[in-house]
Amino acid sequence: MPRITFPTALGVCALSWGDAGLSGFELPDAPVRADDQAQPPGEIAALIYRVQQHLTGTLQDFSDARYDFSRVADFPREVYRATLAVKAGHTTSYGTLASVLGQTPAVSRAVGSALGANPWPLLIPCHRIVAADGKMTGFSGPGGIKTKLRLLALEGAELFAE
């Protein structure tokens, strides 16, 4: 599967793809590999530019990216599609996202598990999903909650101190 690393304002990120679309995204600091592509196809080059812009504060909406959703099971796919509707500068809770999916708040843990396995962090903005009380909960990307807070601050989301 082709992969490319590229610099951003937050560090080196990586994208991987195949014929069916994006197969993964890696937040900083993604390792550079010997088999990384030197020149991505146009669609990937355009997405790299948009990621670079987003991470410098020129916010982007990645809901139009071509994700290879065939790589994930049905429930996570539903969670990821619903998460794409949460726009930059906004947050929602795991329970609210469960409700959007027609589920009860009890499903919020399953929503959290799906987001913890998100192969496209940042692009599918799992960092915008918070606890019902607004607290920052786990973030499986590099840097954990610190990265989540940094991304939310970059996007202008209203954050509450404890």
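Reader: By class, how many nonpolar, polar and charged residues does the lining of the second largest pocket have?
Author: The model is predicted, so local features need pLDDT of at least 70, side-chain atom pairs count only at pLDDT 80 or more, and totals for chains, interfaces and linings use all residues. Residues are numbered from 1 along each chain as its sequence is written, and side-chain values use heavy atoms, without hydrogens and water. Leu10, Leu27, Pro28, Asp29, Pro142, Lys146, Thr147 and Arg150 line this pocket (an open set of 1 Å grid points over the protein atoms alone where a 1.4 Å probe fits, with protein on both sides within 12 Å along at least five of seven lines; lining residues have an atom within 4 Å of a point). By class (Ala, Val, Leu, Ile, Met, Phe, Trp, Tyr, Cys and Pro nonpolar; Asp, Glu, Lys and Arg charged; others, Gly among them, polar), the lining has 4 nonpolar, 1 polar and 3 charged residues.

Reader: Which element gives the largest share of the lining of the largest pocket?
Author: The largest pocket is lined by 17 residues, and Tyr94, Ser108, Gly112, Thr137 and Gly138 are the closest to its centre. Helix 3 (94–100) and helix 4 (108–116) are the elements that give two or more residues to this lining (helices are DSSP runs of H or I, at least four residues, and strands of E, at least two, numbered from the N terminus). The largest share, 5 residues, comes from helix 4.

Reader: How do the residues of the lining of the largest pocket divide into nonpolar, polar and charged?
Author: Among the residues closest to the centre of this pocket are Tyr94 and Gly112. For the lining of the largest pocket as a whole, the division is 8 nonpolar, 7 polar and 2 charged.

Reader: Within what arc do the buried residues of helix 5 fall?
Author: Helix 5 covers residues 144–154, and Gly144, Thr147, Lys148, Leu151 and Leu152 are buried there (under 20% relative accessible area with a 1.4 Å probe, protein chains only). Seen down the helix axis, these residues line one face of helix 5, because the arc (of directions from the axis to the C-beta atoms) within which they fall is 135°.

Reader: Which residue just after helix 5 takes a positive phi?
Author: Helix 5 spans residues 144–154. Just after helix 5, a positive phi of about 80° is taken by Gly156.

Reader: In what order do the elements of the protein run from the N terminus on?
Author: The protein has 5 helices and 5 strands. Starting at the N terminus, the order is β-β-β-α-α-β-α-α-β-α.

Reader: What share of the 162 residues in the protein do buried residues make up?
Author: The C-alpha trace spans about 45 × 35 × 25 Å along its principal axes. Of the 162 residues in the protein, the buried share is 46%.

Technical notes: Buried < 20%, exposed > 50% of the residue type's maximum accessible area, 1.4 Å probe, protein only.
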